[in-house]
Amino acid sequence: MDDRSETQLQPDLEPNLVEAILREAGPSPTQDALLPILHAVQGQVGHISKETIRSIADAMNLSRAEVQGVVSFYDDFREAPSAKHVVQLCMAEACQAVGCRALAAHAKSQLGVDFGEATPDGAVEIKAVYCFGNCATGPTIRIGNRVHGRVSPERFDALVAPLRSGGRSA
Ligand code: FES
């Protein structure tokens, strides 16, 4: 199953869509319109790129840093398209006691990405989360809708390998 819940567009459609969203907001949108505009872009485009941040800042007479600050502050907004599969690793206390930090280091090194980044093939992204309620059998990860407990580095590799070769996240 594809984990993506957001829309992903062809890159050349993004500017037109952003332009339409800004047009919809009126000729000189006030700062109150920023969050609704960002939500509309996130919902329709699937992420908010640097180019989009520039377009929004120009249209609203804001600095890019102001728009960027809002995008970075809210977890709802992504600055890059999400990967096909998101692997969530629990980094909360009980999982820390049983080695989730070492597991996260292994995941980062195996995939060559940090939290919040997708592998270059767009197949897998890792994300830090804080507790799945599976604390007694950590380290815990979640792939798609399925929670996996007692995940060793070897088990992590075995669970993630099929995702990178086009498999499903069960
Ligand atoms: S602390 Fe990891 S599942 Fe609760």
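Before the structure itself, one definition: two strands are said to pair if DSSP finds at least two bridges between them.

What we have here is a predicted model, in which local features need pLDDT of at least 70 and side-chain atom pairs count only at pLDDT 80 or more, while totals for chains, interfaces and linings use all residues. Residues are numbered from 1 along each chain as its sequence is written.

Let me start with the overall picture. The protein chain holds seven helices and four strands, and from the N terminus on the order of these elements is α-α-α-α-β-α-α-β-β-β-α. Its C-alpha trace spans about 55 × 30 × 25 Å along the principal axes. The domain assignment, whose bounds come from an automatic or database source, gives domain 1 as 11-73 and domain 2 as 85-164, and the C-alpha centres of domain 1 and domain 2 lie 32 Å apart.

Burial will come up several times, so here are the cut-offs: a residue is buried if 20 or more other C-beta atoms lie within 10 Å of its own, exposed if 12 or fewer, and partly exposed in between, with the C-beta atoms placed from the backbone. By that count, 25% of the 170 residues of the protein chain are buried.

Helix H1, residues 14-24, and helix H2, residues 34-45, have axes that come within 10 Å and cross at roughly 145°, where axes are lines fitted to C-alpha atoms, for helices over the stretch in contact, and angles run from 0 to 180 degrees between N-to-C directions. Which residues of H1 and H2 meet? On the H1 side they are Glu-14, Leu-17, Val-18, Ile-21 and Leu-22, and on the H2 side Ile-37, Ala-40, Val-41, Gln-44 and Val-45, a contact being two residues whose C-beta atoms, placed from the backbone, lie within 7 Å. The residues of this contact divide into eight nonpolar, one polar and one charged; here Ala, Val, Leu, Ile, Met, Phe, Trp, Tyr, Cys and Pro count as nonpolar, Asp, Glu, Lys and Arg as charged, and the others, Gly among them, as polar.

Further along, Val-67 lies in helix H4, residues 64-73, and Val-67 counts as buried because it has 23 C-beta neighbours inside 10 Å. Leaving aside residues up to four places away in sequence, Val-67 touches Leu-34, Ile-53, Ile-56, Ala-57 and Leu-62. With Ile-53 the separation is 14 residues in sequence and 6.3 Å in space, C-alpha to C-alpha.

Now to the sheet. It is an open sheet of four strands in the order E2-E1-E3-E4, with mixed pairing. E2 and E4 stand at the edges with a single partner strand each, so one side of each is left without a neighbour in the sheet. Neighbouring strands of this sheet are turned by 25° against each other on average, direction ignored.

Strand E1, residues 85-90, runs parallel to strand E2, residues 124-129, and six bridges join the two; in this pairing Leu-89 stands opposite Ala-128. Strand E3, residues 141-143, is antiparallel to E1 and joined to it by three bridges, with Gln-88 opposite Arg-142. Is E1 buried or exposed? Six of its six residues are buried, so E1 is largely enclosed by the rest of the structure. His-85, Val-87 and Leu-89 are buried on one side, and Val-86, Gln-88 and Cys-90 on the other.

Finally, some backbone details in the loops. The loop between E2 and E3 holds Pro-139, and the peptide bond joining Gly-138 and Pro-139 is cis, with omega about -5°. Cys-131 lies in the loop between E2 and E3 and has a positive phi of about 85° although it is not a glycine; Cys-131 is partly exposed, with 14 other C-beta atoms within 10 Å. Arg-150, in the loop between strand E4 (146-148) and helix H7 (153-164), is not a glycine either, and has a positive phi of about 50°. Arg-150 counts as partly exposed, with 13 C-beta neighbours inside 10 Å.
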